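Subject: Structure for you to look at

Hi,

Here is the structure I promised to pass on. Please open it first, then read my notes below.

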Amino acid sequence: VRDDGLLFVEVPDSVAFERKPKDDEIFNSCHLWMFDETSLTRVLNETGYRPLEVRRGLSPRNHYYISILAAPS
């Protein structure tokens, strides 16, 4: 393990609750949590990381995601 390594995280974006129909499969998926930039950044900060870059997007399967590249604090 290196102290200067980077961490990449990609998770479902909570914006799906606003943009997807209620019967979409994302709401019955195996994901227990969905995040937004604030909540994901909080988790990173609590575990000793700081965000370097945040991206939000729509996957090829039409699922909203948020990804963060982070570095140790």
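From the N terminus on, the elements run β-α-α-β-β. That gives 2 helices and 3 strands. Helices (H or I, at least four residues) and strands (E, at least two) are DSSP runs, numbered from the N terminus.

A word on the source. This is a predicted model, where local features need pLDDT of at least 70, side-chain atom pairs count only at pLDDT 80 or more, and totals for chains, interfaces and linings use all residues. Residues are numbered from 1 along each chain as its sequence is written, and side-chain values use heavy atoms, with hydrogens and water left out.

**The core**

Of the 73 residues, 30% are buried. Buried means under 20% relative accessible area, exposed over 50%, and partly exposed in between (1.4 Å probe, protein chains only). The largest nonpolar core has 8 residues: Val9, Val11, Phe35, Leu40, Leu44, Ile66, Ile68 and Ala70. Such a core is a set of buried Ala, Val, Leu, Ile, Met, Phe, Trp, Tyr and Cys residues joined through side-chain atoms within 4.5 Å. At least two residues of this core come from each of β1 (7–12), α2 (37–46) and β3 (64–72). The most come from β3, with 3 residues.

Take Ala70. Leaving aside neighbours within four places in sequence, its contacts (heavy atoms within 4.5 Å) include Leu6, Leu44, Tyr49 and Leu52.

**Helix α2**

Four residues of α2 are buried: Ser39, Leu40, Thr41 and Leu44. Their cover includes β1, β2 (49–58) and β3. At the start of α2, a side-chain oxygen of Asp36 comes to within 3.2 Å of the backbone nitrogen of Thr38. After α2 comes Gly48, with a positive phi near 90°.

**Salt bridges**

The count is 2 salt bridges, each a side-chain nitrogen of Lys or Arg within 4 Å of a carboxyl oxygen of Asp or Glu. Side chains of opposite charge can pair when their charged atoms come close.

Arg56 pairs with Asp13 (2.7 Å, N to O). This pair links distant parts of the chain: Arg56 sits in strand β2 and Asp13 in the loop between β1 and α1 (16–19), 43 residues apart. Arg56 is partly exposed at 45% relative accessible area. Asp13 is buried at 2%.

Arg55 pairs with Glu53, with their closest N and O atoms 2.5 Å apart. Arg55 counts as exposed at 52% relative accessibility. Glu53 is partly exposed at 35%.

Best wishes

Notes:
Polar contact = N/O pair within 3.5 Å; in protein donor to acceptor, adjacent residues only side chain to side chain.
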